[in-house]
Amino acid sequence: MTKGNHSMTTEFILTGFKDRPEVKILLFVVFFVIYLITMVGNLGLVVLIYMEHHLHTPTYIFLGNVALMDSYCSCVIMPKMLENFFSEDRIISLYECMAQFYFLCLAETADCFILTAMAYDWYVAICSPLQYHTRMLMKCCVQMTTVIYITAYLHPIIHVGFLFRLTFCGSHQINHFFCDVFPLYRPPCVDPYINELMIIICTWPIEVFTISVVLISYLCILYTIFKMKSKKGRSKALLTCAYHFFSVSIFYGSLIFMYVQPSSVKEEDEDISVAVFYTLVIPLLNPFIYSLRNKEVINVMKTIMKKNKSHNILK
């Protein structure tokens, strides 16, 4: 199909990591291991929280939803990425591309709000422990989670809808390992100004609101921790808070770089490097940061292993 002497693009070629053929097998093995660990860690955490009734509290419900969205994000990105290491053409259709971006945007939007809810939950638990059971009721937790997912489902529809107004022509190569929004703005023959404006209108308020709540919550938590009289308790709480804040900082920092910074000032290779952090590294690290440093989760895992061991001995 042609229009104005341009051939219309109905498919794209994902060229991310293509310029490193000498380490193709090594990269495949590394990313495949990351994928396996991410899926086992996050889905294992979801199953653990679902099966253990005493973990059915707001803190662990939010934690379970973070793990669910992290595994969901990996499922959206990794299979196609791994396939492309050994694919000759690396082709992805226009509708596949749109679907991949939609589901990724859904996962990242949900993550933003769930991490915000978790930060508020920790703030109430640490700064107002006597009011925790009245302010963080299960009904409130369910309502927050429902609103988060409704927002997460609706937000990408706006951007995908505006992507369909673009006419893609000329070069159909995308220097990325998945279909993200800004790389899609480079091949069109229609000015993506409206699309970039919609990102400012829809995405920036989400970033500003969630980051503000997270920062205020952590500042209040730090203030409360420094007021603790016990040095041992203070050191332990600070270390836990530091691990959590490290994960949140990488996630939000990557999103700010990708979607808040103007696309005109970024290099394509920078997009790939930063995208690796928020789509692959963060989902890999979160189960270790949020669960393996959590006494309740570790105790539940020990109890399950003891039960299995006893069951095998009886057999």
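User: At roughly what angle do the axes of α5 and α7 cross, and within what distance do the axes come?

Analyst: This is a predicted model, and the axes of α5 and α7 come within 10 Å in it, crossing at roughly 170 degrees. An angle over 145 degrees counts as roughly antiparallel, and α5 and α7 are therefore roughly antiparallel to each other. On the α5 side the contact is made by His155, Ile158, His159, Phe162 and Leu163, while α7 brings Ile194, Asn195, Met198, Ile199, Cys202, Thr203 and Ile206. Sorted by class, the contact of α5 with α7 has eight nonpolar and four polar residues, and no charged ones.

The confidence of the prediction bears on how this contact is read. Among the elements of the chain, helix α5, residues 138–163, has the highest mean pLDDT, at 93, whereas strand β1, residues 2–3, has the lowest, at 42. For the chain the mean pLDDT is 83, and 88% of its residues reach 70 or more. Over residues 1–7 pLDDT stays under 50, and for this stretch the model has eight contacts beyond four places in sequence. Where pLDDT is low, the predicted coordinates should not be read in detail.

The elements that give two or more residues to its lining are α3, α5, α7 and α8, and α3 gives the most, with six residues. By class, the lining of the largest cavity divides into nine nonpolar, four polar and two charged residues, whereas the contact between α5 and α7 has no charged residues.

The structure holds four cavities of 30 Å³ or more.

The largest pocket has a volume of about 730 Å³, and of the 24 residues that line it, Trp122, Ile126, Thr240, His244 and Asn294 are the closest to its centre. Helix α7 (193–226) is one of the elements that give two or more residues to this lining, the others being α2 (58–84), α3 (94–127), α8 (231–260), α9 (268–290) and α10 (295–314). The most comes from α8, with six residues. By class the lining of the largest pocket has 14 nonpolar, five polar and five charged residues.

The second largest pocket holds about 260 Å³ of space, and of the 14 residues that line this pocket, Gly41, Gly44, Leu45, Leu48 and Met301 are the closest to its centre. At least two residues of its lining are supplied by each of α1 (24–51), α9 and α10, with the largest share, six residues, coming from α1. The lining of the second largest pocket divides into 11 nonpolar and three polar residues, with no charged residues, whereas five charged residues belong to the lining of the largest pocket.

Note on methods. Residues numbered from 1 in each chain as written. Predicted model: local features only at pLDDT ≥ 70, side-chain atom pairs only at ≥ 80, totals over all residues. Heavy atoms only, no water. 1 Å grid on protein atoms, 1.4 Å probe; cavity = no way out; pocket = protein on both sides within 12 Å on 5 of 7 lines; lining within 4 Å. Points joined across faces, edges and corners; volume = space filled by probe spheres on them. Helix = DSSP H or I, 4+ residues; strand = E, 2+ residues; numbered from the N terminus. Nonpolar A, V, L, I, M, F, W, Y, C, P; charged D, E, K, R; others polar. pLDDT = per-residue confidence, 0-100. Contact = heavy atoms within 4.5 Å. Axes fitted to C-alpha atoms, helices over the stretch in contact; angles between N-to-C directions. Parallel < 35°, antiparallel > 145°, perpendicular 65-115°, else oblique.
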